[in-house]
Amino acid sequence: MNISPLADPRDTPAPHRTLRDELRDTEWRLRRALEPHPDYPFNLPFSPGASSGTALVPDINLGNPHAALPGGADFAELERQALHWLMRLWGCEDTADYWGTTCASGTEGNLLGLYLGREALPEAVLLHSAEAHGSIPGAARIQRIPARQVRSTAEGAIDLGDLAETLAGLGGRPVVLALTCGTGAAGAHDDIAGAIAVLEAAGHGPDRRFIHVDAARSGMVLPFLTDGPASIRPGFHLAIDSLSLSGQKAMGTPMPCGVLVCRRTHARRIIRPATDQRAGDTALMGSRNGPAVLAIWTRLFGRGYGAFAEEARRCTHRAQALARQLRGAGAHQVLCNPHSLTVVFPRPDDGIVRTYQLACSGGMARAVVMPSVTEAMLDCFVSDYAAWAARSGGRNDAAMTQPL
Ligand SMILES: *Cc1c(COP(=O)(O)O)cnc(C)c1O
């Protein structure tokens, strides 16, 4: 297959020979680039080791991936290819109109997204739902962006009625709205199109709002479910401004990392003067994790669109089936949001919680049907849960009183 930066992610996966060739060429280029290297304070104590299918020399990515110098000791070319793949997945029609970078994690993606929003609208108030990840209000505190919390529905998505009321109380101040695609507690997806309609109705057109979508969890799930509603699918087919992802979740990189993509006009606002390394630096961090770039690239191009799409369909169907099985086993109050991998149910006894390492909050527990969760494990879990529910009537009243 064609592994040019503009390769459509829907292309079939690369034959392994092509992938290996690309990795081997990259490794040789890195070795050559690092040999005579008096210009950067690398310490090179490691001998090359196997990682992500290739021998690695220590590597960092510096500066703006889109302005990297050819032949540098970095993975900037692979980073650009991975970013283009994801831009296509996330509905960027002309990828030249967008900018992206790999990040240390989904948290850095949120920090950078809100920074872009603050620079676009310095007077803005940040709005986020009660179910937003802690890194959203955290990023607001770090950057001293005034923040207001909007209520969530019982299913965990942003409450659009409360969003309208909150906007009405802002006296016309511009807003940075942080939406979540896949919340931690309930795997809920904020209605992105619905939120945009609420903003428009309140007079917050594109010049009075900035929308960041935290798609740490579902940014590599929902875009593959083409039968799902476009209103919750994270991407630039909707009038959003930036979108971030965690690499170690559905994408499956072996180390924490992330990706942020935004409209290029926003990246231009944060460009810093040229450093000694790169022209026009835009990255938040100085050095970025080169092996993480390689891992992202290998996951995307090694597996291809079809494998991710199959996995997204299988896991979302399996999560719905798990919810049905738990209801059938006598659990009260089971929640599995549409197109979600997360199932929430009454917390069973501590033995089951420990065995299956269930995340709990008060009287409820949560399972996330990731691709690595096997059918055999789910069968065992359902059978243990059914035995507990038969003993207890499907309620854990003691757990309801425990602190969160
Ligand atoms: C995991 C997660 C994050 C943070 O991502 P890290 O990669 O752990 O920094 C942000 N938002 C949501 C919704 C998450 O699930």
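Two strands count as paired here if DSSP finds at least two bridges between them. By that rule, 5 bridges join β12 to β14 (residues 364-368), and the two run antiparallel. Helices (H or I, at least four residues) and strands (E, at least two) are DSSP runs, numbered from the N terminus.

This is a predicted model, where local features need pLDDT of at least 70, side-chain atom pairs count only at pLDDT 80 or more, and totals for chains, interfaces and linings use all residues. Residues are numbered from 1 along each chain as its sequence is written, and side-chain values use heavy atoms, with hydrogens and water left out.

**The sheet**
- The open sheet has 3 strands in the order β12-β14-β13, with antiparallel pairing.
- On average, neighbouring strands are turned by 30° against each other, direction ignored.
- Val343 sits opposite Ala367 in β14.

**A helix on the sheet**
- Helix α9 (residues 290-328) packs on the sheet and touches β12 and β14 (contact means heavy atoms within 4.5 Å).
- The direction of α9 makes about 15° with that of β12; axes are lines fitted to C-alpha atoms, for helices over the stretch in contact, and angles run from 0 to 180 degrees between N-to-C directions.

**The α5/α6 pair**
- The axes of α5 (residues 160-168) and α6 (residues 192-201) come within 10 Å and cross at roughly 30°.
- That makes α5 roughly parallel to α6 (angles under 35 degrees).
- Leu160, Leu163, Ala164 and Leu167 in α5 meet Gly194, Ala195, Val198 and Leu199 in α6.

Methods
Parallel < 35°, antiparallel > 145°, perpendicular 65-115°, else oblique.
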